[in-house]
Amino acid sequence: MPLIPLEIPPGVVKNGTALQVAGRWFDSNLIRWRDNVMMPVGGWLKMNTSAITGICRGLISFRDNGNANKFICAGTNSKLYVWNDSGTIYDITPSGFTTGRTDAIYGLGYGTGNYGASTYGTARAGSGQVLDAATWSLDTWGEYLVGVAPHYGRIVEWQLNTGSVAANVSNAPYPSLGVLVTPERHLMALGAASNNRKVAWSDQEDNTVWAAGATNTAGAIELETTGTIRAGVRVRGEILIVTDVDAHVMTYLGPPLIYNRQKLGSACGLVGPNAIATAEGFAVWMGKDDFHVYDGTVRSLPCDVRDFVFGDINLVQGSKIYAGVNSEFDEIWFFYPTAASDENDRYVCWNYKENYWSIGSLSRTAWVDSGAFTDPTATDASGFLYSQESGWTNAGAALTTTRYVETGGVSVAQGDNIVRGRQVISDEAVTGQAQIKFKTRFTPNGSETEHGPYTLENYTDVRFSGRQFAMRIEGRVDDDWRVGTLRLDAKTGGRR
C-alpha cells in the first residue's frame with residue numbers, strides 16, 4: 001500500500017480520551033514545535049551555589065539607566081534578594097519585614113469570614129476562605145526597584161545600592177496588595193489601604209505624594225466589583241486590573257480626573273496574583289476553571305488541554321500559580337500544583353504565534369523572561385535560581401528520555417484491518433538523537449503491546465502489528481534534535 005503520512009499537527013490535545021483524539025499528540029514533556037518541526041525544550045543551569053532563604057514567588061530582571069549593571073530581584077516569603085550579573089546575591093530585605101506563609105491555608109479562628117456571618121467572639125471552625133501563600137508584586141520605578149508582599153503590606157523601594165536594604169516608600173497606602181508603575185510614571189497601589197477594590201496612585205514622577213491636590217496628579221478610585229484585586233499589568237497603553245471574579249481597564253485621561261475605569265467582563269477572575277502575563281499587545285491569565293485573554297476585549301482562550309489541567313489542580317494553592325513569558329519561542333508558561341501536590345509540579349504552555357498547547361512536569365515557583373539577561377530565569381522551591389534554555393541538561397543531570405511526546409490512538413481506514421508497520425521515513429535529517437516506539441492494540445480496550453525503541457534515522461526499520469497504534473518519540477541524548485513529518489511504510493492485512 002502507499003506510504004501512510006503521519007501528519008500530526010503541533011501541540012497536545014487532551015480534551016477527550018486517547019482514542020477520541022486520534023491523529024493528534026496526546027501527551028508530552030519538555031517538547032515544543034516551531035514551523036511544524038518538533039524539538040526539545042532547552043535545559044537549565046544553576047545560577048547560585050547556595051540556596052536563598054524562603055520560597056521565591058516574585059521575580060523581575062532590570063538594568064540601571066546606564067545599562068552597565070543588570071539585576072534580578074527575587075522575593076520570597078521571608079526575604080528580598082537581588083542578584084547581579086557578577087553572580088553575587090545581596091539580601092535587601094526591608095527592616096521590619098515579617099515572614100509570610102509558605103503554603104496557602106483555609107482561614108480559621110477569630111475574625112475570619114464575612115461580617116455578620118456568625119456571632120462576635122466565636123472562633124470559626126472553618127470559613128471556606130483561603131489565606132494565600134506569601135507572594136511578591138514587583139516593578140521598576142525608572143531604574144529603581146519597587147514592590148510589595150501582600151502579607152507585609154508596605155510598598156518598598158530599592159535604589160540600586162547593594163549596601164542598603166529596600167526602604168518603605170513614604171506616604172504610600174498601607175496595607176496594599178500590589179504595585180504597578182504606569183506608562184505615565186505614576187506608582188499605583190492595588191488594594192490600597194485595606195480596601196480590596198481600591199486603586200491609588202502617586203503624583204506623576206513623585207512616588208512620595210499620594211494625597212490628591214490641586215497641584216499634583218495623585219488620586220484614587222474604587223472598582224465596581226464584588227471581588228478582591230489580584231493583579232494589574234500594562235497592556236496596549238492601558239492598565240488592566242484583574243480581580244478574583246472580573247476584569248477592568250484603566251485609561252489615562254490627564255487632569256483633573258487623571259484615570260477612568262471600565263469593567264471589561266465578569267466570570268473571568270484571576271486564580272493567583274502571579275498567574276498573568278503579557279506579550280505583544282495582549283494579556284493572558286489563568287482562572288479557576290479556564291484561561292482568559294485581553295487584547296481589547298476579554299474572552300475565554302480556547303485550550304486543547306483545559307480538561308486535563310483543571311481536572312487535576314490544587315486550587316487551594318492557587319496563589320502559587322505563576323505565569324511567565326518565553327519570548328524567544330513565543331510561549332507563555334503556567335506553573336501550577338497538581339491535586340496531589342502543595343507545590344508547583346507541572347506546567348501548561350501556550351504558543352501564541354502558532355496557537356498550540358503543550359504540557360509537562362517542571363517544578364518552578366517563579367519565572368521572568370530574558371529581558372536584561374540572555375535567557376529566562378526561574379526559581380524552584382529548593383531556593384535555586386536557574387538560567388533556562390541554557391544547554392540541554394537539568395543542571396548537569398541527564399534529561400534524555402524524559403523529553404517525549406506521544407499520540408492518541410491511530411487507526412488506518414475504519415480501524416478494522418490489521419496494520420503491519422515496516423519502516424518509518426523522516427523528511428528531516430535525523431541522525432539517531434531521538435528514538436521512536438509504537439504501542440499497539442487489537443481492540444480499543446484490549447491489552448497494549450510496546451514495540452521498540454527504534455533509533456530514529458532517515459529510514460528506520462520497525463516491526464509492529466495491530467488494528468490501532470500509538471506512537472511515542474523520545475530523546476536519546478541531551479542535545480538539540482529535530483523531527484518533522486513522518487511517513488509509515490506498512491501493509492494492511494485481514495480483519496483477524
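This note goes through the predicted model point by point, from the whole chain down to single residues.

1. **Ground rules.** The model is predicted: local features need pLDDT of at least 70, side-chain atom pairs count only at pLDDT 80 or more, and totals for chains, interfaces and linings use all residues. Residues are numbered from 1 along each chain as its sequence is written, and side-chain values use heavy atoms, with hydrogens and water left out.

2. **Secondary structure.** The protein chain has 42 strands and one helix. Both kinds of element are DSSP runs, numbered from the N terminus: helices are H or I with at least four residues, strands are E with at least two.

3. **Overall dimensions.** Along its principal axes, the C-alpha trace spans about 85 × 55 × 45 Å.

4. **Burial and surface.** Of the 496 residues, 56% are buried. Buried means under 20% relative accessible area, exposed means over 50%, and partly exposed lies in between (1.4 Å probe, protein chains only). The chain exposes about 20700 Å², and carbon and sulfur atoms supply 45% of that area. Areas come from the Shrake-Rupley method with a 1.4 Å probe; for residues, only the protein chains shown count as cover.

5. **Contacts along the sequence.** Take the contacts between residues at least 6 apart in sequence: 56% of them join residues at least 24 apart. Contact here means heavy atoms within 4.5 Å.

6. **Charge.** The chain carries 42 positive and 51 negative charges, and their mean positions are 7 Å apart. Lys and Arg count as positive, Asp and Glu as negative; His and the chain ends are not counted. Each charge is placed at NZ of Lys, CZ of Arg, CG of Asp or CD of Glu.

7. In soluble globular proteins, nonpolar side chains tend to be buried together. The largest nonpolar core in this model has 68 residues, and L240, W285, M286, V348 and I473 have the most contacts inside it. Strand 25 (residues 282–286) gives the largest share of this core, five residues. A second, separate core holds 27 residues, including C56, A366, A372 and F384. A core is a set of buried Ala, Val, Leu, Ile, Met, Phe, Trp, Tyr and Cys residues joined through side-chain atoms within 4.5 Å.

8. **V348.** Neighbours within four places in sequence are left aside here. The contacts of V348 then include M286, F291, V305, V309, W333, F334 and W357.

9. **Cis peptide bonds.** Most residues other than glycine have a negative phi, and most peptide bonds are trans. A cis bond joins Y174 and P175, with omega about -10 degrees. P175 sits in the loop between strand 15 (167–168) and strand 16 (178–181). The bond from P255 to P256 is also cis, with omega near 5 degrees. P256 belongs to the loop between strand 22 (246–254) and strand 23 (258–266).

10. **Positive phi.** L30 is not a glycine, yet its phi is positive, near 55 degrees. L30 lies in the loop between strand 2 (25–29) and strand 3 (31–34). At 3% relative accessibility, L30 counts as buried. E205 also has a positive phi, about 70 degrees. Its loop runs between strand 18 (198–201) and strand 19 (219–222).

11. **N274.** This residue is in the loop between strand 23 and strand 24 (276–279). N274 is buried, with a relative accessible area of 13%. Not counting residues up to four places away in sequence, N274 touches R57, T135, W136, I321, Y322 and A323.

12. **L257.** L257 lies in the loop between strand 22 and strand 23. At 60% relative accessibility, L257 is exposed. L257 and T217 are 40 residues apart in sequence and 8.6 Å apart, C-alpha to C-alpha.

13. Q433 is in strand 38 and is partly exposed at 22% relative accessibility. The C-alpha atoms of Q433 and L456 are separated by 7.2 Å. T443 is in the loop between strand 38 (431–441) and strand 39 (449–457). T443 is partly exposed, at 42%.
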